[in-house]
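Please examine the sequence and the structure shown below.

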Amino acid sequence: MSSDSYDPSAPPYAGFFGVMGASAAIIFSSLGAAYGTAKSGVGIAAMSVMRPDLIMKSVIPVVMAGIIAIYGLVVSVLIANKLSPDVTLFTSFLQLGAGLSVGFSGLAAGFAIGIVGDAGVRGTAQQPRLFVGMILILIFAEVLGLYGLIVALVLSTKS
């Protein structure tokens with residue numbers, strides 16, 4: 001490559017960071033969703049032995065954990081659609097930041113949903129009045145992932 005055709009604002013490795021952002025978004029948010037689904041599923045299985053009538057009511061934590069993965073998918077697709085060979089470092093760093101923000105917040109939210117969902121469905125089987133409290137705590141856990149999505153959308157629109 002000659003020095004005349006080199007553009008310092010678009011080095012050849014710049015796209016790597018955007019790809020890593022898209023990957024981080026889906027990987028970490030899916031890890032959080034998988035943990036939340038698995039941990040809540042264990043609680044549902046244990047609870048359903050005593051109270052099989054509450055199985056469908058207890059699926060709410062699993063659904064909320066699945067939504068976390070959707071956040072990562074949305075950001076990952078947005079980043080992937082903006083990838084190009086002439087991307088600047090600034091844009092690719094924004095894409096990396098967007099992916100990491102939704103990915104890590106989705107991971108944290110998935111952990112919180114899994115732990116609360118497991119304990120919540122087991123507790124609801126013994127005391128049905130705990131159900132509303134469990135739902136409120138799950139909403140606060142879910143909103144952590146939503147915060148990451150909002151930050152990621154703001155970052156991805158700056159490019």
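## Helix H4

Which residues of H4 are buried? They are Phe131, Met134, Ile135, Leu138, Ala141, Glu142, Gly145, Gly148, Leu149, Ala152 and Ser156. Here, buried means under 20% relative accessible area, exposed means over 50%, and partly exposed lies in between (1.4 Å probe, protein chains only). The cover over the buried residues of H4 includes helix H2 (60–82) and helix H3 (89–126). Helices (H or I, at least four residues) and strands (E, at least two) are DSSP runs, numbered from the N terminus.

Helix H4 comprises 28 residues, 130–157. At 1.5 Å a residue, these should span 40 Å, and the end C-alpha atoms are 41 Å apart, which agrees. The expected span is 1.5 Å times one less than the number of residues in the helix.

## Basis of the model

The model is predicted: local features need pLDDT of at least 70, side-chain atom pairs count only at pLDDT 80 or more, and totals for chains, interfaces and linings use all residues. Residues are numbered from 1 along each chain as its sequence is written, and side-chain values use heavy atoms, with hydrogens and water left out.

Phe131 is found in helix H4. Phe131 counts as buried because its relative accessible area is 16%. Leaving aside neighbours within four places in sequence, Phe131 is in contact (heavy atoms within 4.5 Å) with Lys57, Ile60 and Thr124. The C-alpha atoms of Phe131 and Val121 are separated by 7.7 Å, and these two residues are 10 residues apart along the chain.

Ile150 also lies in helix H4. Ile150 is partly exposed, because its relative accessible area is 45%. Together with Leu144, Leu146, Tyr147 and Val154, Ile150 forms a nonpolar patch on the surface, with about 430 Å² of accessible area together. Patches are made of residues with over 30% relative accessible area and no salt bridge; like charges are joined within 9 Å, and nonpolar side chains (Val, Leu, Ile, Met, Phe, Trp, Tyr) within 5 Å. Accessible areas come from the Shrake-Rupley method with a 1.4 Å probe, and for residues only the protein chains shown count as cover.

## Annotated spans

In an unreviewed entry, UniProt lists residues 12–38, 59–80, 92–117 and 129–155 as "transmembrane region". UniProt positions are given in the numbering used here, feature names are shortened, and annotations may be inferred rather than shown by experiment. In the model, residues 12–38 are 93% helix and 0% strand, with end C-alpha atoms 41 Å apart. Residues 129–155 are 96% helix and 0% strand, and their end C-alpha atoms are 41 Å apart.

The unreviewed UniProt entry also lists "domain: V-ATPase proteolipid subunit C-like" for residues 20–79 and 96–155. Residues 20–79 are 85% helix and 0% strand, with end C-alpha atoms 10 Å apart. For residues 96–155, the values are 95% helix and 0% strand, and the end C-alpha atoms lie 9 Å apart.

## Salt bridges

How many salt bridges does the structure hold? It holds 3 salt bridges. A salt bridge is a side-chain nitrogen of Lys or Arg within 4 Å of a carboxyl oxygen of Asp or Glu. Asp118 forms a salt bridge with Lys39, and the closest N and O atoms are 3.5 Å apart. This pair links distant parts of the chain, with Asp118 in helix H3 and Lys39 in helix H1, 79 residues apart. Asp118 is buried at 10% relative accessible area, whereas Lys39 is partly exposed at 29%.

The side chains of Asp118 and Arg122 also meet in a salt bridge (2.7 Å, N to O). Both residues lie in helix H3, 4 residues apart, about one turn of the helix. Arg122 is partly exposed, with a relative accessible area of 34%. Arg51 forms a salt bridge with Asp53, with the closest N and O atoms 3.3 Å apart. Arg51 counts as partly exposed at 24% relative accessibility, while Asp53 counts as exposed at 57%.

Ser40 has its place in helix H1 (residues 14–50). Ser40 is buried, because its relative accessible area is 0%. Not counting residues up to four places away in sequence, Ser40 touches Pro61, Val62, Ile113, Gly114, Gly117, Asp118 and Val121.
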